[in-house]
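This report describes how two protein chains are built and how they meet. Please consult the sequence and the three-dimensional view while reading.

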Amino acid sequence: MAFESLVPKTKDEVVELLKILSRVTSFEDAKNHFPPKLYDEVLIQQKQNSSSFEVVSKSIKQYLNSMNSIKVYIPFVASRQFIDEILKYFSHLPNSYVELIVDQSIIGGVRVVISGRVFDESLDTIIDKTIAASLKSHNA
Amino acid sequence: MTIEPFFITGLIIVFVCFGLIVISIVVLYIRSSRALSALNTEFILYKRDQESQAREALLVATKKAQEIIASTQMFSDETKKWVMDAVNKSIASGSSTYMQIINDLGQKSVKDLLTYSDTLKKSIEVQTHEITSGFISQLQSEEKVFHSTLEKDEQQIIEDIAKRAELMLPQIIKDASGRALTQEESEVLVLSSLEKIKKQHGF
């Protein structure tokens with residue numbers, strides 16, 4: 001089951017949605033506490049499947065827990081605006097959220113891990129590779 | 001033929017004078033003989049006395065010499081034996097005087113001393129040369145080992161420094177790069193890196 005309307009963009013959003021889902025126990029309660037998009041999705045599911053709130057909530061929780069994490073390592077604490085800039089690069093990937101991790105050791109650039117695959121364009125790795133190659137050619 | 005009384009008297013006088021001369025000569029001869037005989041006796045006694053004193057002195061000196069020779073380490077056994085034999089022979093035969101023995105002994109001692117001195121000098125020179133050569137050789141050997149160790153140490157130090165530099169270099173560059181980047185540059189770098197990854201890997 002896909003909940004396209006509530007596709008979260010970051011891990012924080014996933015965690016927040018799961019917290020809310022665990023607190024709310026009825027449609028009425030959901031109306032007051034759910035974000036508009038989530039509440040809309042709950043109503044849609046309830047109408048389509050004539051499901052109870054518990055079933056709908058469980059479905060949403062399962063969906064959120066099954067999402068793929070895209071880990072993005074950056075060397076500084078990013079502003080909301082800059083986070084949005086980063087999320088644009090991953091918005092087309094289905095059932096995925098972005099987990100932003102601040103790691104100053106990468107110095108600059110970015111390191112991305114998607115489903116265990118590492119895409120490393122960090123300055124840390126670039127410097128190491130460059131020096132290793134330079135020393136190798138010097139020693140040879 | 002008649003002989004003149006005057007002539008006869010003259011002959012008698014001549015004979016008497018001749019007789020007196022002969023008598024005087026005999027008396028003088030006897031006196032001289034006696035004097036010579038006494039002198040000879042006195043000389044013999046003197047000579048005996050001198051020889052006795054000399055022998056006594058010789059015995060004392062010989063005994064002393066034997067003690068010295070026996071006690072000293074400067075003479076070889078062969079030399080000691082020669083000196084002992086010479087002294088003993090001289091005493092036994094009585095042919096050598098005290099001075100001859102002393103002279104011989106002195107010459108032998110001097111000769112032996114000179115020989116010993118030369119031998120000692122040569123021995124010292126040889127030993128000194130051997131010790132010096134050995135020391136120089138040892139010194140050169142140790143110097144080589146020292147230089148070798150120094151070169152190895154130097155090489156090791158250079159290698160250690162190079163290794164440390166290799167280890168430090170990336171961190172230095174990273175630190176410098178990290179400090180050099182502004183927030184805006186860092187953001188641009190992140191976005192450009194993401195763009196590059198997207199293009200290369202097509203996600």
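In this predicted model, a search of the whole structure finds three aromatic pairs over all chains. A pair of aromatic rings is described by the distance of the centres and the angle of the planes. Since A:Phe27 lies in helix α2 (residues 27-33) of chain A and A:Phe53 in helix α4 (residues 53-66) of chain A, the pair ties together parts that are 26 residues apart in sequence. A:Phe27 is partly exposed because its relative accessible area is 23%, whereas A:Phe53 counts as buried because its relative accessibility is 7%.

A:Phe53 also pairs with A:Phe34 in a tilted arrangement, with 6.1 Å centre to centre and 40° between the planes. A:Phe34 is located in the loop between α2 and α3 (36-49) of chain A and A:Phe53 in helix α4 of chain A, so this pair ties together parts that are 19 residues apart in sequence. Both A:Phe34 and A:Phe53 are buried. Through ring pairs, A:Phe27, A:Phe34 and A:Phe53 are linked into a cluster.

Chain A contains six helices and four strands, and from the N terminus on its elements run α-α-α-α-β-α-β-β-β-α. Of the 140 residues of chain A, 43% count as buried. Chain A exposes about 8100 Å², of which carbon and sulfur atoms supply 50%. Among contacts in chain A between residues at least 6 apart in sequence, 62% join residues at least 24 apart.

| Nitrogen side | Oxygen side | N to O distance |
|---|---|---|
| A:Lys11 | A:Glu99 | 3.4 Å |
| A:Lys88 | A:Glu85 | 3.4 Å |
| B:Lys174 | A:Asp128 | 2.9 Å |
| B:Lys196 | A:Glu121 | 3.3 Å |

The bridge between A:Lys11 and A:Glu99 links distant parts of the chain: A:Lys11 is in helix α1 (residues 11-23) of chain A and A:Glu99 in strand β2 (residues 96-102) of chain A, 88 residues apart. A:Lys11 counts as partly exposed, at 31% relative accessibility, while A:Glu99 is buried at 15%. In the bridge of A:Lys88 and A:Glu85, A:Lys88 counts as exposed at 52% relative accessibility and A:Glu85 is partly exposed at 30%.

How many salt bridges are there between chain B and chain A? The count is three. One of the bridges between side chains is that of B:Lys174 and A:Asp128. B:Lys174 lies in helix α3 (residues 98-180) of chain B and A:Asp128 in helix α6 (residues 123-139) of chain A, so the pair joins two chains. B:Lys174 counts as buried at 10% relative accessibility, and A:Asp128 is partly exposed at 32%. These two residues belong to a network of salt bridges that also links A:Arg111, A:Asp120 and A:Asp124.

The size of an interface is often given as the accessible area lost when the parts come together. Between chain B and chain A about 2200 Å² is buried, and carbon and sulfur atoms give 75% of this area. Here 23 residues of chain B are in contact with 27 residues of chain A.

Chain B also carries a nonpolar patch on the surface, with about 970 Å² of accessible area together; among its residues are B:Ile3, B:Phe7, B:Phe15 and B:Val27. B:Val27 sits in helix α1 (residues 5-71) of chain B and counts as partly exposed because its relative accessibility is 37%.

Note on methods: Residues are numbered from 1 along each chain as its sequence is written. Chains are lettered from A and ligands numbered from 1 in the order in which they are written. This is a predicted model: local features need pLDDT of at least 70, side-chain atom pairs count only at pLDDT 80 or more; totals for chains, interfaces and linings use all residues. Side-chain values use heavy atoms; hydrogens and water are left out. Patches are made of residues with over 30% relative accessible area and no salt bridge: like charges are joined within 9 Å, nonpolar side chains (Val, Leu, Ile, Met, Phe, Trp, Tyr) within 5 Å. Accessible areas come from the Shrake-Rupley method with a 1.4 Å probe; for residues, only the protein chains shown count as cover. A salt bridge is a side-chain nitrogen of Lys or Arg within 4 Å of a carboxyl oxygen of Asp or Glu. Buried means under 20% relative accessible area, exposed over 50%, partly exposed in between (1.4 Å probe, protein chains only). Rings of Phe, Tyr and Trp (its six-membered ring) pair if their centres lie within 6.5 Å; planes under 30 degrees apart count as stacked, over 60 as edge-to-face and the rest as tilted. Contact means heavy atoms within 4.5 Å. Buried area is the accessible area (1.4 Å probe) that two parts lose on being put together, summed over both.
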